[in-house]
Amino acid sequence: MQMQKKECVAMLLAGGQGSRLGALTKKIAKPAVAFGGKYRIIDFSLSNCANSDITTVGVLTQYKPLLLNSYIGTGAAWDLDDAYGGVFVLPPYATESGGQWYRGTADAIYRNIDFIDNYDPEYVLILSGDHLYKMDYSKMLKFHKENNADLTISVMEVPMEEASRFGILTADENNKIFKFSEKPKEPDSNLASMGIYIFSWPVLKAALLEDGELEDSDHDFGKNIIPMLLGRGNSIYAYTFSGYWKDVGTIESYYETNMELLDPDSGFNIFEEEMKVYSNSNMYPPSYNGPEAKVSNCLICNGCSVLGTVEHSILSFGVQVEEGAKVIDSILLPGAVVKKGARVERAIIGENTVIEEGAVFGDASGEEIAVIGDNDVVEK
């Protein structure tokens, strides 16, 4: 059935296992991991779509998708429950030849060509569901159209000494890309790919159909699709983004990026009116700080009860800190409980995990951040 035509459809890759986040992704996909108290990582990409007036979004899930699926729902929390669009969860599915997981980023889009064709778009925006940033995609789309591009890749300038860690693009004075190098030992540019692409749909569809038949392909945008188009002389441009952007791929970067929310000079501002970040976690009552509570430099979310001491920490919704308990330099994910007299320091506590009475978890003098996953218990 043909849906109402859309100029641009977004496809959000949210199937990441996020294995480097260890215990935090043992039971849920990386885009579903709680962040900044009231958010989950995927909120940032979904909010960007809403703020950019892109109202048709396919969310491609794969690894442990249950929480992500229920959290996204109809997309109403991000004002994306459009009568002629909306948010659609697109897991891998069985075909006549059997069923299998998505083989790569490009394969995930290839196997949803019919979904995209339903909207007959001129352009397709490809996003990752596990990056933290605010971006108006409509400005990137305007740039794409002005250059009559087949593909536009959003890039960030990184320090030259760090460029070998990224996919590096080399462009001419008109921002037209003529070279792509995956983690080059000796980079000749500092323009790093952010993994955000706008394709003209006919160009992308033809490339996906060709790549889908290649048995020796990784079916990946960075490894296969982009080099294919570049080698054929397609019109590919670099769109430079200068705002805040982080890929929280490790425990250390996840911890540091959360803590930057407590630093007014970090450049990561979730309180500004422009480009708001929306979430589906507003169903809790107000937080409560008891008469003996001591709270300083913290984010305390709805539904929290603080009767002890909390310093330089982030308490997600529904967290409890009981009398005499201390939480310092830590991140407590939704529903975590720190019981009487317990101490949590320089740690990340998973969802609904309980730190029992008198227990100690984490160490301010330790080099590594202490982490415990969801639905666990730390005994004294």
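Let me begin with a term: two residues are in contact when heavy atoms lie within 4.5 Å. The structure shown is a predicted model, in which local features need pLDDT of at least 70, side-chain atom pairs count only at pLDDT 80 or more, and totals for chains, interfaces and linings use all residues. Residues are numbered from 1 along each chain as its sequence is written, and side-chain values use heavy atoms, with hydrogens and water left out.

Beyond its neighbours within four places in sequence, S45 is in contact with L12, S128, G129, H131, Y133 and Y137. S45 has a relative accessible area of 0% and is therefore buried, a word that means under 20%, against over 50% for exposed and partly exposed in between (1.4 Å probe, protein chains only). Its side chain reaches the backbone oxygen of S128 at 2.9 Å.

My second residue is G85, in the loop between α2 (66-72) and β5 (86-89). G85 is also buried, at 12% relative accessible area. Leaving out residues up to four places away in sequence, G85 touches K6, T55, T56 and Y119. Between the C-alpha atoms of G85 and G58 there are 9.8 Å, with 27 residues separating the two along the chain.

Finally, the sheet. Six strands form an open, parallel sheet, ordered β14-β17-β20-β23-β26-β29; strands pair if DSSP finds at least two bridges between them. At the edges are β14 (288-289) and β29 (377-378), each pairing on one side only. Strand β26, residues 354-355, joins β29 through two bridges, and I355 has V378 in β29 as its bridge partner.

Definitions and conventions:
Polar contact = N/O pair within 3.5 Å; in protein donor to acceptor, adjacent residues only side chain to side chain. Helix = DSSP H or I, 4+ residues; strand = E, 2+ residues; numbered from the N terminus.
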